[in-house]
Structure formats: C-alpha cells, structure tokens
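Student: Please take me through this model label by label. For each term, I would like to hear what makes it apply.

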Amino acid sequence: MLTFGIEEEYFITDLHSRQMVGEPSAAVLAACREAIGAGFSFEMFQGQIEAASPVFTSSAEAADYFRAVRGNLAQSLAEFGLGVVCAGSHPLADWREQRPTDQAHFRHLFDDIQYVARRSVLCGLHVHVQVPQTLDRIAVMNQVSPWLPLLLLLSCSSPFWDGAPSGFMSYRQAACDEWPRMGVPEHFSDWAEYQRYLVMLQRIGAIKADGNGWWGIRPAARYPTLELRMTDACPRLADALALATLFRVMVTHACAMQRPGARFSAEARWLLKENRWQAKRYGAAGTFALDDAGTLGSAEQWLQCARQTFAATAEAMGEPLLFDTLQALLRRGNSAAEQLRWQAQAQASGADALASLRQVVDLLLAQTRGDH
C-alpha cells in the first residue's frame, strides 16, 4: 500500500464581520500552532495557515487527523471571536488588506512575482502519494495527468473573488495561470528530460538550485512522491478525503502498469488543457473530452469512465465505496455550486450583496468545523 500525506490551507476569519483577518495577533497564531501541532505551517499571508499531515497508510488515519485539526482550530480560535474557512477563495477577502508573511521565502516570492503574488489569496488541497523508487515519477505523472480536470471539477470551491461572483467555479485556478510554471506541466518524456529542464531553469536563474515548478501535479522535491496541487481546498472534510483517495487510487493504478504514461502525447496534453479550462470555468457543468479521440461528454459520464478504469484498484485498496461517494458529491454539487446556490437563496430572501456573502461565509465556517 502506497503511503500518502495531505496538506490543507485555511483562512483565519472574523466571526462577526466574516472578513478574512489581515494581521492576526501573535496570540492567535500561537493558538493555531498549538491546535495543529507539528504539522503547522505559515502561508503566504498572515491570515492564512496550513496543516501538513504526517505520513498516512489509510483513509481512516487521514480522517482522524484532519477531524482533530479542524475541531481544535475551531475551538481554540472561538475564544478570539475567530474561525477558519477551508475553501479555494474567501468570499469576502480583500487582497489589498492582506499582509504578507514576513519570512525570507515569502519575501522573495512577493518581490519576484509582485502584484500576481499580492492577489493570490487562495487555498488549495495538496495530496502527496508515494511512488516506488524503481519507477519513473514522470511516467506515473504522465499516466495520471489526463484525469486532473476531473479531480478539479469535483473540488471547485472558489466561485467568488474580491467580494463578487467571478464567473469561474475555480477562480483559484484562473489566478494560478498568472504565475510562472503553474497549471498543466510541460510535456516531459521521462525523468531525465525533466531534470534537464530544471537544470536549464537553474542555469538562467529562473529557479534556485533546489527549485521546482508549481504545476497542478509534480514530482515533489523533498519527498519521493507525486504531488497533486490542482484541487481547491474543500470545506467538507469528506470531500477532501474522497479526492485524496481518488488520487491515491489513480497513482496506485499507474504504478501497477507495465509502461505507465506510454500513451501520453502532445495531443493528450492539448485535451488536458482544454478539459482544465472547462473544469475551472464551468465546474461539473462543463463538457469534457473523455478519451484520446476527443469524444465529448458530461462530468457524470467522465466519472463513470473513471469508475470503469479504477474501481478494481479501489476495491483492492479497501475503498469499495469510493465511486459511490464521488457520485453523491457530483449529484449534490461541488462547493462552488453550493456557495452560489446559497447566495442566490439569501438574495431571494431579501439579503443585499454583502449580507448574502456573509451567509456564504457562515456556510463555509460551519462546513469547515464539520457541524453543517
């Protein structure tokens, strides 16, 4: 069984104003550190924190860990009149009011990336899955990559930006496209070609000696893993766990193949990029290329293709209900669709734009706590 780890990011949120906190006090950050424990990490902005898990061997371990993290954060921060939102974007966050974290790594990012970095008030769900050292991680990445937009459309949770609907179900992914080396990776035939690419970037000064890309999927630099980065942070923990499990199943399936990634071509990457556009713009309402021939279908049809491809692997991994869980998620609607429905219902009941967004924040706070 391949080991794995999960990273979740959270917005610290004022329970009265429902705004993202720009400059939390030292006492608040200390409470966050204590609530999360060894997995606590600062993020780009002071009002944003991360929980990086230990290494897991089962979904049950992951569920126990993050249930405790989210519960501890809610309990500890409530004493300060605060809570946390786990979503791709914060409906009421004003990026102009957010303060960068004063650490060398982040100072370099803001100096280099400028306003693109300043506007990147975003949270993601990152999943690391072990790849055996005998396998080429690029080959495994190429096998899994065409499925990335399916994972994205299930995770979409960033429909709002700067206090208004963005027109995207994952505005986070739209914002990521302003960064260098984000989104869909370059086409690498194998690990050796990937290493030549990194050496070239290091030679011209684009990245440091230990640098890497920020793509939606990548070989991790510090761990022997393949890292999923394209997915939005999920307000419902059950959704985050289901997506992490789906990614684990996909990587496990690829690792068992004789020649993973052998069919990944320039044309397959073109379709991947178009499917990602559909996913970030329309979410589950998009129209997707389901195969190398470009056969078009719905998100539900694509999930059915995934079931046919990966169900046996999921069963063998002790996850027989995975695709039933994902089907239920799809039929209920991803978080972005739910947030937009919630806002529309609030406005239909007479709430103005600000009040309706406050109600969306209340929904996200409750879902992150696990009590909605």
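Tutor: Ser-155 is found in helix H6, where helices (H or I, at least four residues) and strands (E, at least two) are DSSP runs numbered from the N terminus. This is a predicted model, in which local features need pLDDT of at least 70 and side-chain atom pairs count only at pLDDT 80 or more, while totals for chains, interfaces and linings use all residues. Residues are numbered from 1 along each chain as its sequence is written, and side-chain values use heavy atoms, with hydrogens and water left out.

Student: Why is Ser-155 called buried?

Tutor: The relative accessible area of Ser-155 is 2%, and buried means under 20%, exposed over 50% and partly exposed in between (1.4 Å probe, protein chains only), so the label buried applies to Ser-155. Contact means heavy atoms within 4.5 Å, and, leaving aside neighbours within four places in sequence, Ser-155 is in contact with Thr-231, Asp-232, Ala-233, Cys-234 and Leu-243.

Student: What makes Thr-368 buried, and which residues does it touch?

Tutor: Thr-368, whose place is in helix H14 (residues 353–369), has a relative accessible area of 2%, which puts it in the buried class. Not counting residues up to four places away in sequence, Thr-368 touches Tyr-10, Arg-70, Val-84, Val-85, Cys-86 and Pro-235. The C-alpha atoms of Thr-368 and Leu-237 are separated by 7.1 Å, although these residues are 131 residues apart along the chain.

Student: Why does Leu-135 count as partly exposed?

Tutor: Leu-135, found in the loop between strand S5 (125–130) and H5, has 26% relative accessibility, and this value lies between the two limits, so Leu-135 counts as partly exposed. With residues up to four places away in sequence not counted, Leu-135 touches Val-140 and Cys-255. Its C-alpha atom and that of Val-121 are 36 Å apart, for a separation of 14 residues along the chain.

Student: How many aromatic pairs does the structure hold, and what makes the pair of Trp-95 and Tyr-115 edge-to-face?

Tutor: The structure holds 19 aromatic pairs. For Trp-95 and Tyr-115, the ring centres are 5.6 Å apart and the planes stand at 75 degrees. Rings of Phe, Tyr and Trp (its six-membered ring) pair if their centres lie within 6.5 Å, and planes under 30 degrees apart count as stacked, over 60 as edge-to-face and the rest as tilted, so this pair is edge-to-face. Trp-95 lies in the loop between strand S4 (82–85) and helix H3 (104–113) and Tyr-115 in helix H4 (residues 115–118), so the pair ties together parts that are 20 residues apart in sequence. Trp-95 is buried at 12%, whereas Tyr-115 is exposed at 52%.

Student: How do you know which class the pair of Trp-147 and Phe-310 belongs to?

Tutor: With 5.1 Å centre to centre and 70 degrees between the planes, Trp-147 and Phe-310 form an edge-to-face pair. Trp-147 lies in the loop between helix H5 (137–144) and helix H6 (148–155) and Phe-310 in helix H11 (residues 299–316), so parts 163 residues apart in sequence are tied together. Both Trp-147 and Phe-310 are buried. Elsewhere, ring pairs link Phe-188, Trp-191, Tyr-194, Tyr-197 and Trp-215 into a cluster.

Student: How many residues has the largest nonpolar core, and which have the most contacts inside it?

Tutor: A nonpolar core is a set of buried Ala, Val, Leu, Ile, Met, Phe, Trp, Tyr and Cys residues joined through side-chain atoms within 4.5 Å. The largest such core has 120 residues, with Phe-247 and Val-251 having the most contacts inside it. Its largest share, 13 residues, comes from helix H9 (residues 237–255). Beyond four places in sequence, the contacts of Phe-247 include Val-127, Val-129, Leu-151 and Ile-217.

Student: Which residues lie nearest the centre of the second largest pocket?

Tutor: Of its 25 lining residues, Gln-143, Pro-146, Trp-147, Arg-263 and Asp-292 lie nearest the centre. A pocket is an open set of points on a 1 Å grid over the protein atoms alone, where a 1.4 Å probe fits, with protein on both sides within 12 Å along at least five of seven lines, and lining residues have an atom within 4 Å of a point. The elements giving two or more residues to this lining are H5, H9, helix H10 (266–282) and H11.
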